[in-house]
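Please look over the sequence and the structure before reading on.

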Amino acid sequence: MELEDKSKTESLESEEQEGAMSFWDHLEVLRWALFRSACVLAVIMVGTFIAMPYIFDRFILAPTSNDFFIYRWLNSIGGGFVKLSSDFDVQIININVASQFMTHISTSISLAAVIAFPYFIWEIWKFIEPALFEDEVKHLRPAFLGGTIMFYLGCAIGYSLVFPFTFRFLVEYNLSPSITNQINLQSYIDNFTMLILVMGIVFEMPLLAWLLSLFGILRKSFLREYKRHAVVVLLISAAIITPSGDPFTLMLVFIPLYVLYELSILVVKDKKKKEDREDD
């Protein structure tokens, strides 16, 4: 009897501890997590704001010149097959009085958000970790790390390949010899930020597919069966993502999307086979 009473009291205590935090307590935890994230973002933004003149010339405006590393690399290995024009040098113009100052601020915020992305992921992890079981924690911990790596990999590919070739193609495209291209600062920054951040987010596709398969929502057989439908959806998504409607930019965005879809098929676990084996 005493053992049963002890077990009952222990179970009651454990239930009280699990339900100790109310809905408003969870909101309070979330509020502090958002506050810490905002503070970290503000601190990093101050640093990026101070360093922005150097970053802007050496990093953001680098694809406007033929000295960009990917252009030089292609010229060095391409020979006569992939030879880029040597006179590529685009001058970015500004037509609004406050545009340079606002671009300085907005670009500093965007770059700070990219740098602080691992901290945001850590705050999200610390917020949801108490609600998870030990088995889920073991699976999701490497998933958050892999998601961070894939985000930076997508941003790197967007900066190194997708945006430079998209920008170069659109600048060198001439509808008529009498038309001179003058690239506005705001237009350049919008395309630059959009393509790089979108590529970083898109590279989370295999992680999302793996998580959905982990919880039994998505299966490998489903992705294979509806691959043709997925190609159409990916083409539409690439058309929405691309800031311009030209086929060259569309294919530059679509090809990584399709490769990521195939990678998602590889990482997804088909639990249907396991269930059939257990039934047998």
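**Buried site, patch and pocket**

Ser160 counts as buried, at 17% relative accessibility (buried means under 20% relative accessible area, exposed over 50%, partly exposed in between; 1.4 Å probe, protein chains only). This is a predicted model: local features need pLDDT of at least 70, side-chain atom pairs count only at pLDDT 80 or more, and totals for chains, interfaces and linings use all residues. Residues are numbered from 1 along each chain as its sequence is written, and side-chain values use heavy atoms, with hydrogens and water left out.

**Ser160**
- Ser160 sits in helix α6, residues 134-172 (helices are DSSP runs of H or I, at least four residues; strands are runs of E, at least two; both are numbered from the N terminus).
- Leaving aside residues up to four places away in sequence, Ser160 touches Phe68, Phe69 and Ile70 (contact means heavy atoms within 4.5 Å).

**Helix α2 and Leu30**
- Helix α2 spans residues 23-60 and gives the nonpolar patch its largest share, six residues.
- Leu30 belongs to helix α2.
- Leu30 is partly exposed, with a relative accessible area of 32%.

**Largest pocket**
- The lining of the largest pocket takes its largest share, four residues, from α2.
- α2, β1 (92-93) and α4 (99-115) each supply at least two lining residues.
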